[in-house]
Amino acid sequence: MPKKYPVQAVRSADGILCLVERFGHDRVVLACQIAMESCMFGFNELESLLVNREDEKFHVQMEGLAPELTTKHRNLRGKDYFNSKNIEKNDK
């Protein structure tokens, strides 16, 4: 919900930047993701997630569930394939 007064929006943003200084960028980003998924949009809720280390618990739970970024297929070649081709061309 947009703020009625711009000063309120600036103060909200300043509050979140203070959380970055206190807890670090990565933790705040993860806490924001958790807060958005849980429909918690207040500063106090975000700070509570960080103070109670809910972001770290969530990160540990999600580590084993991370999907592979690339699919396996016989026609897909990695960097080693192309690096070896470049070396062979330069040797000739």
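Predicted model: local features only at pLDDT ≥ 70, side-chain atom pairs only at ≥ 80, totals over all residues.
Which residue does Arg-27 form a salt bridge with, the closest N and O atoms being 3.6 Å apart? That residue is Glu-56. The points below place this pair in its surroundings.

1. Helices α1 and α2. Two packed helices are described by the angle between their axes and the distance between the axes. Helix α1 covers residues 6–23 and helix α2 covers residues 25–37; their axes come within 7 Å and cross at roughly 130°.

2. Residues where the two helices meet. From α1 the contact takes in Ile-16, Leu-19, Val-20 and Phe-23, and from α2 it takes in His-25, Arg-27 and Val-28. By type, the residues of this contact are five nonpolar, one polar and one charged.

3. Arg-27 and Asp-55. Arg-27, listed above in the contact with α1, also forms a salt bridge with Asp-55, at 2.8 Å from N to O. Arg-27 is in helix α2 and Asp-55 is in helix α4 (residues 54–63), so the pair ties together parts that are 28 residues apart in sequence. Arg-27 has a relative accessibility of 17% and therefore counts as buried, the limit being under 20%. Asp-55, at 1%, counts as buried too.

4. Arg-27 and Glu-56. The salt bridge from the opening question has its closest N and O atoms 3.6 Å apart. Glu-56 lies in helix α4 and Arg-27 in helix α2, so this pair ties together parts that are 29 residues apart in sequence. Glu-56 has a relative accessible area of 33%, which means that Glu-56 is partly exposed.

5. The network. Glu-56 has a further salt bridge, with Arg-53, where the closest N and O atoms are 2.7 Å apart. Arg-53 is partly exposed, at 42% relative accessibility. Through shared partners, the salt bridges join Arg-27, Arg-53, Asp-55 and Glu-56 into one network. The count for the structure comes to five salt bridges.

6. Cysteines. How many disulfides does a search of the whole structure find? The search finds zero. Cys-18 is partly exposed, because its relative accessibility is 42%. Cys-39 has a relative accessibility of 57% and so counts as exposed, the limit being over 50%.

Definitions and conventions. Residues numbered from 1 in each chain as written. Heavy atoms only, no water. Disulfide = S-S within 2.5 Å. Buried < 20%, exposed > 50% of the residue type's maximum accessible area, 1.4 Å probe, protein only. Axes fitted to C-alpha atoms, helices over the stretch in contact; angles between N-to-C directions. Helix = DSSP H or I, 4+ residues; strand = E, 2+ residues; numbered from the N terminus. Contact = heavy atoms within 4.5 Å. Nonpolar A, V, L, I, M, F, W, Y, C, P; charged D, E, K, R; others polar. Salt bridge = Lys/Arg side-chain N within 4 Å of Asp/Glu carboxyl O.
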